[in-house]
Amino acid sequence: MGDALCFKVREKMFAVLGLDNPRLSFKCAPETFAELIEREHIQPSPYLGRYKWVMLDRLDAVGWDELRQLIQTSYEMVSAKALRKKSKGKKGRVKRTTRKKTKRA
């Protein structure tokens, strides 16, 4: 493997940039995923493709303006999901306690 920069929001990845072999992976919406993987030099990201992550084999596989928008969308999707999980966890958390077992007569 090689060195990579991992970009996170709320402790969740939204983009990964390979440094040794410049490749970029990021999350996208299902319809965008389907469109992007039809293009040359873009494929489902290894291990993360099932979660609608794509990998650009070349950084120039898409134009800079489009790439900026794709990364922004990835950030927003991951941030929104992480925020929902965090708020749901606080409200819906059930405190579990252990009880001592007592002998019944």
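**Reading the model**

Reply: Arg10 is found in the loop between strand S1 (4-9) and S2, where helices (H or I, at least four residues) and strands (E, at least two) are DSSP runs, numbered from the N terminus. This is a predicted model, in which local features need pLDDT of at least 70 and side-chain atom pairs count only at pLDDT 80 or more, while totals for chains, interfaces and linings use all residues. Residues are numbered from 1 along each chain as its sequence is written, and side-chain values use heavy atoms, with hydrogens and water left out.

Me: In what order do the elements of the chain run from the N terminus on?
Reply: The chain holds 2 helices and 5 strands. Read from the N terminus on, their order is β-β-β-α-β-β-α.

Me: Is Arg10 buried, partly exposed or exposed?
Reply: Buried means under 20% relative accessible area, exposed over 50%, and partly exposed in between (1.4 Å probe, protein chains only). The phi of Arg10 is near 50°, a positive value in a residue other than glycine. Because its relative accessibility is 44%, Arg10 counts as partly exposed.

Me: What is the phi of Lys52 near?
Reply: Lys52 is found in the loop between S4 and S5, and at 30% relative accessibility Lys52 counts as partly exposed. Lys52 is a residue other than glycine with a positive phi, near 65°.

Me: With which side chain does the side chain of Ser45 make a polar contact?
Reply: Ser45 lies in the loop between strand S4 (42-44) and strand S5 (53-56), and it counts as buried because its relative accessibility is 6%. Not counting residues up to four places away in sequence, Ser45 touches Ser25, Trp53, Val54 and Met55, contact meaning heavy atoms within 4.5 Å. A polar contact is a pair of N or O atoms within 3.5 Å; within protein, one must be able to donate a hydrogen and the other to accept it, and residues adjacent in sequence count only if both atoms are side-chain atoms. At 3.4 Å, the side chain of Ser45 makes such a contact with the side chain of Ser25.

Me: How far apart in space are Asp57 and Leu24, C-alpha to C-alpha?
Reply: Asp57 is found in the loop between S5 and H2, and its side chain makes a polar contact with the side chain of Gln43 (2.8 Å). Asp57 also touches Pro22, Arg23 and His41, among the residues listed when those up to four places away in sequence are not counted. Asp57 and Leu24 are 33 residues apart in sequence, and their C-alpha to C-alpha distance is 7.1 Å.

Me: Which residues touch the most other members of the largest nonpolar core?
Reply: A nonpolar core is a set of buried Ala, Val, Leu, Ile, Met, Phe, Trp, Tyr and Cys residues joined through side-chain atoms within 4.5 Å. Of the 17 residues in the largest one, those that touch the most other members are Phe26, Leu36, Ile42, Val54, Leu56 and Val62.
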